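Dear colleague,

I am passing on the structure we discussed, with notes on what came out of going through it. Please read the notes alongside the model itself.

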Amino acid sequence: MTTWSDAEAEEPSPSENCPICKGAGFIHPLLPSGKPDFSQVVPCRCSQKELAKDRLARLQQYSNLGSLTRLTFDNLLPEGRSGNPASQEQFRHIYEVAKAFTSEPKGWLILVGPSGSGKTHLAAAIANECLSQGHPVFFTTTPDLLDHLRSAFSPNSEIPYDEFFEQVRNAPLLVLDDLGAQTSTPWAEEKLDQLLNHRFNSQLPTIIVAIVPIEQLEERIRTRLTDPKLCQILMVEGKYTPLLEYTWGKGLELQKSMTFSSFDWKRVNLPPDQRQNLEQVFRLAMDFAKSPEGWLIFQGVNGCGKTHLAAAIANYRYQANQPALFIVVPEFLDHLRSTFSPESKVSYDQLFESVKKTPLLILDDFGEQSTTPWAQEKLYQVINYRYNARLATVITASCSLDEIENRISSRFIDPKISVFFNIIAPDYRGDLRPSPKKRTRRKKEPQD
């Protein structure tokens, strides 16, 4: 990552087609006598435009804005996207405050609102306007900042940890996006506290974009953001919605129909012990759905009914307007990988935090995911967090415990928190196959 000191130190490329100085790109200014002042060298008029363009390119490289350079005041609707006249008036006020901030960046500007309300566009527009005026700006999201700081501990890092942290702490204008989306570990809170405390005490111009209400932020951060002497809070109107906690997400249409009433635990073609096993797990799932506590682990072959029961628990909670998050583990990991993309509308930590902390989490097809070190680490983080926090969890798995990583499987079988149930019924799809027709042998006619 380019530091501003490095960017300033780079010499601009001289013009090779300057008609005045014949390629040097620089001239000696004239003394009052009209003779050249050979003690000084300044850019000639024909190269000043190129130098300004080169300086802007270096500023943009330093800014870390990337594709966000397209977000300007010119393509931002001054009244916002709401059809409500009151909301339009409110957004226009925020728009004017943001534009005024670019002419003289002082203090802290706090933009608060849900995803899609336009606050990131406002912050990026301020940054791009400041760049066009030749002022250095550094833009980063909170999760990306913490990821960079973690990677800076690596001996292969191009920028030492302390150097990078100092660069961010002392940026002439810092834009910190997605505050509240980061993983709330003690280490992350400490780094954010150090960063914001330094900029607060130094009164360095700062723009902060928060995706959660300020009252939900950690107390030390909240007290700085609400200081009336330094900070101005702008509420960008919008509605906060939980991530898939009260309804089914896309791609889960089949699970919507999986209820307790549609579960057939009386499969007549099964032997008595298997029917009894299905009835037991059915009663167990019903009791759990009414009062989710601890962990419920369903293990069995594909088609034995474990996903149906897990989905029935989610449907039961949704009908009671209670939160539950149903996740297919392989798809969850694919989604996490996709959130590393710059085009993702859901930040990695926002999704990860929702899965970790939802009051009731249902993990379907556990063990079917690709067993890469990255996948194992992400799943362990989810499992370990929920285990320590004693959050209600339902897990379905087709594989045996021996095939699951030991530090995860040991939590699955902890009797203090988990109920592990092995469903011994076979694949229900076998019940749907037509029984083969019996072949009848023709009775032989007596020979003459």
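The protein chain exposes about 24800 Å², of which carbon and sulfur atoms supply 50%; accessible areas come from the Shrake-Rupley method with a 1.4 Å probe, and for residues only the protein chains shown count as cover. Please bear in mind that this is a predicted model, in which local features need pLDDT of at least 70 and side-chain atom pairs count only at pLDDT 80 or more, while totals for chains, interfaces and linings use all residues. Residues are numbered from 1 along each chain as its sequence is written, and side-chain values use heavy atoms, with hydrogens and water left out.

Of the 448 residues in the protein chain, 46% count as buried, meaning under 20% relative accessible area with a 1.4 Å probe and protein chains only. The secondary structure comes to 15 helices and twelve strands, which are DSSP runs numbered from the N terminus (helices are H or I with at least four residues, strands are E with at least two).

Five strands form an open sheet with parallel pairing, in the order E4-E5-E6-E3-E7, where two strands pair if DSSP finds at least two bridges between them. Its edge strands are E4 (138-141) and E7 (231-235), each of which pairs on one side only, and the twist averages 15° from one strand to the next. Helix H5 (residues 142-151) packs on this sheet, touching E4 and strand E5 (174-179), and its direction makes about 95° with that of E4; such angles run from 0 to 180 degrees between N-to-C directions, with axes fitted to C-alpha atoms, for helices over the stretch in contact (heavy atoms within 4.5 Å). Helix H7 (residues 186-202) lies across E3, E5 and E6, running at about 140° to E5. Within the sheet, five bridges join E3 (residues 108-112) to E6 (residues 206-210), and Trp108 stands opposite Thr206 in E6.

Which residues of strand E11 are buried on each side? Ala392, Val394 and Thr396 are buried on one side, and Thr393, Ile395 and Ala397 on the other. In a regular strand the side chains alternate between the two faces of the sheet. E11 (residues 392-397) runs parallel to strand E8 (residues 295-299), joined by five bridges, with Thr393 as the bridge partner of Trp295. Five bridges also join E11 to the parallel strand E10 (residues 360-366), where Leu360 has Ala392 as its bridge partner.

Best regards

Key
Buried < 20%, exposed > 50% of the residue type's maximum accessible area, 1.4 Å probe, protein only.
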